[in-house]
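User: Please take me through this structure term by term, and set each value against the definition behind it.

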Amino acid sequence: MPFLSASNNPWIDDAVQGISGQNIYVDPDVSGGQAIADALSGVVPGDGSIAVVVLPADAARDTPYNTYILDQLTAGSSQKTVIVAIGDDLQAASAAIPSDDALRIANENEASGSNLQDQLVETVQEISAETPTSSGEGALVANPVIPLVIGGVVLVAAAVTAVGLIARRRRKPAVSTDPVPAGIRLRVNRLRELRANYAAVQGSPVAAETAAGIDALASHVEQLFIRLDAKAGEDQSVLAEAEYSDKLARLVAALDRDYLLDLLTRPDLWDAPDERIAEVREALSSVTTQIVDNIKQVNARKGLLFQVSLDSLIGRSELRDWERQFKQSSGD
């Protein structure tokens, strides 16, 4: 698959080129990069199933949303799983296991308190343990010595895998595989559907900015609940779910095809279209900013603070109707 860097970000270009011929790429600007590369070489499978990229924090400086670099690396790589560290931010995506599981594993290890090298090694081991393997029929030959050697290697590998699985299960109960509550997940999925609609609008800078804003919001919502699940008590997660269930429902209604998208494509059919457009854009920006603040509060082990209201959207009677319909269709 040909790869084009939409941002002309040199870190992304170098990383994609780096993992095109090998499975580990550590940017030269990363402190202690050689030690990290050496540690990873002992755990990254040699079958081309997993790529690990380590970049400095500056690589994400001008990216449009949180998982942009991960998305670009995934699109440009041949490996089914991509693990990326950008400064101290650890992310992962996978086509071999559920991508949400890969991201959760990475975030759990990021929150473990260990150094970046250990976080990466643990993430590789846990994702490897979850990745299905082929049966390998016909791979062995009838040499009486080889089975003994292979048997020893299998025992060591099994022990490492077991330790990784046990550690992971101790950190997170197996009751739920998704730290994002079901109602919030439904809203995030709907936001991503709408993001594609805005990205498809030709010749509208506002639509393009809205698509990027929706993408950032959806990613930050996931990050908030992933980090709440790993670092905070259940009461904080419940509080966040109650806060954002309503706010996201209002935003979905405002961003839907019947409102903002129609305002952008057919403003002549609306009264005060500029005012309405500004209201929705402000609401999208304000909620995203509050969620980012909440993520910072979780990282600092502080209680969540909510200060954003969507009064301008609440005042629109048509949006109240659409919000009510969305809640009914989602079972709220």
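User: Which element gives the most to the lining of the largest pocket?

Analyst: Helix α8 does, with five residues; the elements that give two or more residues to that lining are β4 (89–94), α8 and α11. The model is predicted, so local features need pLDDT of at least 70 and side-chain atom pairs count only at pLDDT 80 or more, whereas totals for chains, interfaces and linings use all residues. Residues are numbered from 1 along each chain as its sequence is written, and side-chain values use heavy atoms, with hydrogens and water left out.

User: What makes this space a pocket rather than a cavity?

Analyst: On a 1 Å grid over the protein atoms alone, a cavity is a set of points where a 1.4 Å probe fits but cannot get out, while a pocket is an open set with protein on both sides within 12 Å along at least five of seven lines. The largest pocket holds about 490 Å³ of space, the volume being that filled by probe spheres set on grid points joined across faces, edges and corners. Lining residues must have an atom within 4 Å of a point, and 21 residues line this pocket, with Asn66, Asp89, His220, Arg227 and Ile295 nearest its centre.

User: Why is Gln223 called buried?

Analyst: Buried means under 20% relative accessible area, exposed over 50% and partly exposed in between, with a 1.4 Å probe and protein chains only. Gln223 has a relative accessible area of 2%, so it counts as buried. Gln223 sits in helix α8, residues 205–231, where helices are DSSP runs of H or I of at least four residues, strands are E runs of at least two, and both are numbered from the N terminus.

User: What is Gln223 in contact with, leaving aside its neighbours within four places in sequence?

Analyst: Contact means heavy atoms within 4.5 Å, and with those neighbours set aside Gln223 is in contact with Asn66, Leu103, Asn107 and Ile295. Asn66 and Ile295 are also among the residues nearest the centre of the largest pocket.

User: How do you know that the side chains of Gln223 and Arg227 are joined by a polar contact?

Analyst: A polar contact is a pair of N or O atoms within 3.5 Å; within protein, one must be able to donate a hydrogen and the other to accept it, and residues adjacent in sequence count only if both atoms are side-chain atoms. The pair in Gln223 and Arg227 stands at 2.8 Å, which falls within that limit.

User: What makes the largest nonpolar core a core, and which residues touch the most other members?

Analyst: A nonpolar core is a set of buried Ala, Val, Leu, Ile, Met, Phe, Trp, Tyr and Cys residues joined through side-chain atoms within 4.5 Å. The largest has 40 residues, of which Tyr198, Leu217, Leu224 and Leu255 touch the most other members. Two or more residues come from each of α7 (182–199), α8, α9 (234–255), α10 (260–265) and α11 (273–299), and α8 supplies the largest share, nine residues. A second, separate core of 21 residues includes Ile50, Val54, Val124 and Ile127.

User: Why does Val287 count as buried?

Analyst: Val287 counts as buried because its relative accessibility is 0%. Val287 lies in helix α11, and although Leu217 is 70 residues away along the chain, their C-alpha atoms are separated by 7.9 Å. Beyond four places in sequence, Val287 touches Leu217, Tyr244, Lys247, Leu251, Val308 and Leu310.

User: What is Ala272 called, buried, exposed or partly exposed?

Analyst: Ala272 has 37% relative accessibility, so it counts as partly exposed; Arg301, at 55%, counts as exposed. Ala272 lies in the loop between α10 and α11, and Arg301 in the loop between α11 and α12 (311–314). Phi is near 50 degrees for Ala272, a positive value in a residue other than glycine, and near 60 degrees for Arg301, likewise positive. Most residues other than glycine have a negative phi.

User: Where does pLDDT stay under 50, with two contacts beyond four places in sequence?

Analyst: That applies to residues 134–142, pLDDT being the predictor's confidence in each residue, from 0 to 100. Residues 1–7 also stay under 50, with 13 such contacts in the model. Where pLDDT is low, the predicted coordinates should not be read in detail. For the chain, the mean pLDDT is 81, and 77% of residues reach 70 or more.
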